[in-house]
Amino acid sequence: MYKYPRISNTLKIKKYGEEEFLVSDFLSDEEVYMSHDAIDFAKKLDGHTNPFRIRCNLSMEEKEELLEILDEHEFLMYSKVTKGGPGTFYRALWYPKSTIGLRIFSSVFNLLLMLSWLPMLILGISLFAKNIIRMEFNGFVFGFVIGLILGTALHELGHLFAGFAYNAPVYEVGVMLMRFVIPGAYVMADTDNIKNRNSRIQIDAAGIEMNLLLAGVSLLLGSHFVRFGGMFMMIAIMNILFATLNLTFIEGLDGSNILSNLFGEENIVRYAKSLMFNKNKRKKLTAQGIHGYAFVVICYILVLFQIAYPAILAVNILEVIACF
Amino acid sequence: MFLKKGIWSLLIPVALSVIGVLLRSVPIIVIFFFSHFFVVGLAPACKKHESIWMFLLVFFSFIPVNVLIMIIMDKLGMLLHPMFILSLCRCIFYYAMLFSVEEIVMGVITRAIWKKQYKLRLK
């Protein structure tokens, strides 16, 4: 918990007119117009300083009024943990600042990632298969743990560098808990301002590419250090599983974001769900002819595939139960 | 000429997929993969909405291929489990993965080939 309110990290400030600024929240899309002095005050709300002791051009009454407005629009944070959907919690660990050096490094990194993941994976698989007879299969548990941690961390790193490479504002990096049970990590980046569709797709796909690159590198190392073959194979399996899991069209995962970009929708799965419960929307779409009907069928397919989510959960839980 | 007639030409990849899987023929499966682009590119019904039709086509045409992959996975012992519900969940899980990977790969290639497409909008 913060001692005092802290200004949300996901705010976008745009100049509007001579003296006013338009402040909007990336997450909630809430908007409010503020003066330069009010923004100056809001920026100083760091969670540790008493708002009424902040030095600025506002009176006590104005500060109180402004705090109420900010609170009303949910621009203030009172805890380090933010609530997402039902049973989903986010905990920010790092608020990255975009610098020229970081952007150049990210561009180079992203380019190398795009060029190297597939050759590395093919090379890794072929060399591992060649040396599989000499392999010693031990260290599976260690490989599982390493694969899980490295896979999660590097997946998010891939998104982070791709975001910086294409000049997307990256608000925060942190850990999360989905539906009370599934732990994970996240990078909160705003890709709305990026005009190029391929760049947006690359930001979403970078995490998956990173996992496949890691799988390739692990297999390559496994083929060289045959004594630890089992461990490296497990790291590779975990990362391939991680990559394919992220490619599924479950809402919020990278696969659904890539698909949304391919279709030019903001959130294709949410759109499909809303279409299922709205007869009028469906009618309007089908009135557009055969393409409309095709799109409605796609929406049905996407909603149908949302059952994969509880299936994945059930596999995870039942596998653990089955062990005992 | 058959391709020019329109929507029925979309059945060509489906037929190729069934034949390729039944005969276990790799060349037919390779032809099946590339046939998607020819069919979507040539059928007038798909013009300027290639992504939508490719998604739909891949969903149906890849079913035999996915079933074959699932059979191979079953033989490798990746699906069967004494608990029936767990076997079922694993099947759904792996099928969803295969389906998503295929759709995304085909979708990205489709977008790369046909960059300008119309978007369906609710009026």
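A residue is called buried when its relative accessible area is under 20%, exposed when it is over 50%, and partly exposed in between. In this predicted model, Asp40(A) has a relative accessibility of 32% and therefore counts as partly exposed. Its salt-bridge partner is Lys44(A), with the closest N and O atoms 3.7 Å apart, and Lys44(A) is likewise partly exposed, at 34%.

Over all chains, the whole structure holds 4 salt bridges, and Glu251(A), Arg270(A) and Lys273(A) are linked in a network of such bridges. Glu251(A) pairs with Arg270(A) at a closest N to O distance of 3.0 Å; because Glu251(A) sits in the loop between α6 and α7 of chain A while Arg270(A) belongs to helix α8, this pair ties together parts that are 19 residues apart in sequence. Lys273(A) also forms a salt bridge with Glu251(A), again with 3.0 Å between the closest N and O atoms, and since Lys273(A) lies in α8 of chain A, the pair joins parts 22 residues apart in sequence.

Elsewhere in chain A, Val141(A), Phe144(A), Val145(A), Leu148(A) and Ile149(A) make a nonpolar surface patch of about 460 Å². Val141(A) is part of helix α4, residues 140–165, and is exposed, with a relative accessible area of 64%.

In chain B, the buried residues of helix α1 are Pro13(B), Leu16(B), Ser17(B), Gly20(B) and Val21(B). They cover an arc of only 125° around the axis, which puts them on the same side of α1(B). Their cover includes α2, α3 and α4 of chain B, whereas the face turned away from the buried side carries the exposed residues Leu22(B) and Leu23(B).

Notes: Residues numbered from 1 in each chain as written. Chains lettered and ligands numbered in written order. Predicted model: local features only at pLDDT ≥ 70, side-chain atom pairs only at ≥ 80, totals over all residues. Heavy atoms only, no water. Buried < 20%, exposed > 50% of the residue type's maximum accessible area, 1.4 Å probe, protein only. Helix = DSSP H or I, 4+ residues; strand = E, 2+ residues; numbered from the N terminus. Arc of directions from axis to C-beta. Contact = heavy atoms within 4.5 Å. Patch = residues over 30% accessible without salt bridge, like charges linked within 9 Å, V, L, I, M, F, W, Y side chains within 5 Å. Areas by Shrake-Rupley, 256 points an atom, 1.4 Å probe, with all protein chains shown as cover. Salt bridge = Lys/Arg side-chain N within 4 Å of Asp/Glu carboxyl O.
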